[in-house]
Amino acid sequence: MQLLNLTTLDAILDPHDRALTATPPSSRFATAKRSHLAGELRAAHVGAKVILGGWVHRTRNLGGIVFLDLRDRGGLVQVSFDPKWTPADVIGRAGRVGLETVITIEGEVAARPQEMRNPEMETGDIEVRATDFRIVGPADTPAIPVARGRGEKLPAEELRLKHRNLDLRRSDLQRNIILRHRLQQATRRYLDERGFLEIETPILTKPTPEGARDYVVPSRVHPGEFYALPQSPQLYKQLLMISGFDRYFQIARCFRDEDLRADRQPEFTQIDIEASFIEPDDIISLTEGMLGVLFKEAGREIPQHFERLEYAEAMERYGSDRPDVRYALELFDASDAFRGSDFAVTNSVLAGGGRVRGLKVPGGAVLSRKEVDEIEAIAKSAGAGGLIRIKRTASGLEGPAAKFLSETGAERLGLAEGELGLFVAGSDYVTNPALDRVRQHVAQIMSLVPENKDSFLWVTDFPMFIREQNGTLSSVHHPFTAPNPEDLSLLDSKPERARALAYDVVLNGTELGGGSIRINDPALQRRVLGLLGVDESTAKARFGFLLDALSAGAPPHGGIALGFDRISMMLAGATSLRDVIAFPKTTAARALFEDAPSVVPPEDLRELHLQTMTS
């Protein structure tokens with residue numbers, strides 16, 4: 001995947017900020033205590049008197065002459081203290097200043113001699129010759145070092161999160177946060193130009209089923225009652241459509257009390273969009289245009305329109321509803337090759353209505369036993385009982401299961417010389433997740449993932465419901481998703497076969513967001529809730545406000561929610577969501593900087609009519 005090049009001031013400042021470099025020596029960052037950003041100074045500023053403010057990044061005391069690098073949001077500039085232009089007492093004080101001390105500098109921009117220019121610094125052609133400086137923010141020795149250069153080893157992440165104010169001084173994190181700001185503003189401009197209204201929805205709200213646990217907030221003035229922090233603004237944006245605000249968006253904060261996962265945060269940000277009198281193609285087209293704008297803001301061009309793949313086909317070919325289609329390795333049904341064999345493992349599965357599915361790995365016959373064992377461990381971790389391995393060499397088919405295949409079965413398997421076949425036997429609920437994980441791992445170890453290639457994909461026609469092991473139905477997206485009108489007749493007879501008007505956008509195997517057309521008929525909404533086991537009284541208690549609103553006349557409407565943190569991470573070329581969030585939580589959902597969550601004093605709990613349970 002292409003990484004964003006953010007090594008220049010032009011890359012980290014917004015277009016308005018970039019304009020200032022074309023009209024030196026003035027600066028839109030000028031205040032009573034500062035005339036310019038350190039990192040914006042260039043050769044065009046030579047001769048200008050400047051006042052700078054920032055952090056001491058690096059010092060060099062050469063005995064009578066002192067150099068320091070001053071750092072601010074714009075970057076670094078070298079400041080020189082020389083007896084030719086700096087008073088002796090100023091040089092003395094500069095020689096004693098500690099790293100990360102906040103200082104102000106007065107001086108003149110001068111060109112560096114040719115032999116002293118630094119091509120690795122954006123300001124490397126000039127320096128500021130200091131005539132005075134003062135300490136305005138004394139600093140103790142930093143608890144963690146602020147990275148001084150590329151490739152420098154960083155402290156452990158937990159330590160950096162504990163001292164996040166220091167960690168955020170790193171240039172790469174500052175670039176990430178500035179990029180995030182630019183992406184937010186680009187989102188607002190794009191949607192505003194298309195008539196969307198930015199409307200805030202409540203943070204203290206009513207618990208709703210969104211697929212994860214709610215964070216609940218006790219009410220002091222209503223003893224025994226609780227608010228919930230929103231998992232999404234889903235119901236509010238539907239209410240806005242019913243209220244006549246036919247185009248809404250929000251860069252919304254959302255909260256989910258999920259089990260711990262490395263790629264999730266308990267609080268996150270999404271670009272939330274809803275519109276009226278639309279069909280799926282309207283939202284798909286809008287989203288493609290917006291993503292094009294966001295990627296362009298980060299210096300990358302993407303296709304105007306994305307490939308589309310129906311959910312059923314995605315699951316059959318890739319075992320996933322968010323497949324990475326940059327490489328082939330498509331799954332296939334190998335049941336007929338094993339049917340009628342003496343292989344007990346596959347016979348029992350086929351007799352029970354399951355299938356044998358797998359993939360062919362080009363050149364995989366050379367993988368060692370240890371490497372294939374590792375692949376099998378991955379399949380097992382995803383729920384498979386085991387992995388059937390068969391390879392074709394010049395001598396024929398090899399592997400423990402090969403001896404059970406008839407000549408016809410071997411032909412049906414269709415392995416070419418040098419290929420390795422990896423198969424899982426079971427229901428699709430078993431084979432899909434296991435083979436999806438196998439496919440991803442094999443692509444990595446066989447170097448099948450192309451570099452510098454992005455593959456966008458829309459997955460459409462999701463099922464409305466999935467049938468749980470206990471026989472009940474649950475929503476694939478959420479209970480407010482509209483069914484495909486062609487499948488309304490299936491709701492009562494075969495509801496798990498009914499398709500939804502739902503769509504997800506995927507990039508390189510990562511879901512960027514998902515949405516749907518919503519139910520705008522109160523009778524149909526009650527019917528869907530009933531299929532999910534929500535009786536009339538429960539529906540009224542939990543969703544009465546929505547049902548009443550739908551009964552007041554609701555336009556056809558739908559929308560999408562895009563994971564803004566994830567998009568920012570991908571465009572910044574970061575490897576963790578925590579690198580694009582100013583104050584993130586750990587994978588254990590702890591905020592180390594402020595030490596949260598924390599114990600609440602008993603007197604505060606009493607005011608909230610709460611008490612803790614002790615074992």
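Glu 157 lies in helix α4, which covers residues 157-162; helices here are DSSP runs of H or I with at least four residues, strands are runs of E with at least two, and both are numbered from the N terminus. The model is predicted, and local features need pLDDT of at least 70, side-chain atom pairs count only at pLDDT 80 or more, and totals for chains, interfaces and linings use all residues. Residues are numbered from 1 along each chain as its sequence is written, and side-chain values use heavy atoms, with hydrogens and water left out.

**Glu 157**
- Glu 157 counts as partly exposed because its relative accessibility is 28%; buried means under 20% relative accessible area, exposed means over 50%, and partly exposed lies in between, with a 1.4 Å probe and protein chains only.
- Not counting residues up to four places away in sequence, Glu 157 touches Ser 576 and Arg 578, where contact means heavy atoms within 4.5 Å.
- The C-alpha atoms of Glu 157 and Ala 382 are separated by 28 Å, and these residues are 225 residues apart along the chain.

**The chain as a whole**
- The chain has 19 helices and 22 strands.
- Of the 615 residues in the chain, 48% are buried.
- The C-alpha trace spans about 95 × 70 × 55 Å along its principal axes.
- Among contacts between residues at least 6 apart in sequence, 67% join residues at least 24 apart.

**Helix α17**
- Helix α17 comprises residues 536-551 and spans only 15 Å between its end C-alpha atoms, whereas a straight helix of 16 residues would span 22 Å at 1.5 Å a residue; the expected span is 1.5 Å times one less than the number of residues.
- A kink of about 90° in α17 is centred on Phe 543, the bend at a residue being the angle between axes fitted to the seven residues ending there and the seven starting there.
- Phe 543 is also one of the buried residues of α17, together with Ala 539, Gly 544, Leu 546, Leu 547, Ala 549 and Leu 550.
- The elements covering these buried residues include α7 (234-242) and α16 (522-531).
- Gly 553 follows α17 and has a positive phi, near 105°.

**Two further residues**
- Thr 460 lies in strand β17, residues 456-460, and is buried because its relative accessible area is 13%.
- Apart from neighbours within four places in sequence, Thr 460 is in contact with Leu 309, Glu 310, Tyr 311, Ala 502 and Tyr 503.
- Asp 263 is placed in the loop between β9 (247-255) and β10 (267-276), and counts as partly exposed because its relative accessibility is 34%.
- Leaving aside neighbours within four places in sequence, Asp 263 is in contact with Arg 566 and Leu 577.

**The cavity**
- The count comes to one cavity of 30 Å³ or more, a cavity being a set of points on a 1 Å grid over the protein atoms alone where a 1.4 Å probe fits but cannot get out.
- The largest cavity has a volume of about 60 Å³; grid points are joined across faces, edges and corners, and a volume is the space filled by probe spheres set on the points.
- Residues lining the largest cavity include Leu 161, Arg 164, Phe 583 and Glu 594, where lining residues have an atom within 4 Å of a point.
- The lining divides into six nonpolar, one polar and four charged residues; Ala, Val, Leu, Ile, Met, Phe, Trp, Tyr, Cys and Pro count as nonpolar, Asp, Glu, Lys and Arg as charged, and the others, Gly among them, as polar.

Definitions and conventions
1 Å grid on protein atoms, 1.4 Å probe; cavity = no way out; pocket = protein on both sides within 12 Å on 5 of 7 lines; lining within 4 Å.
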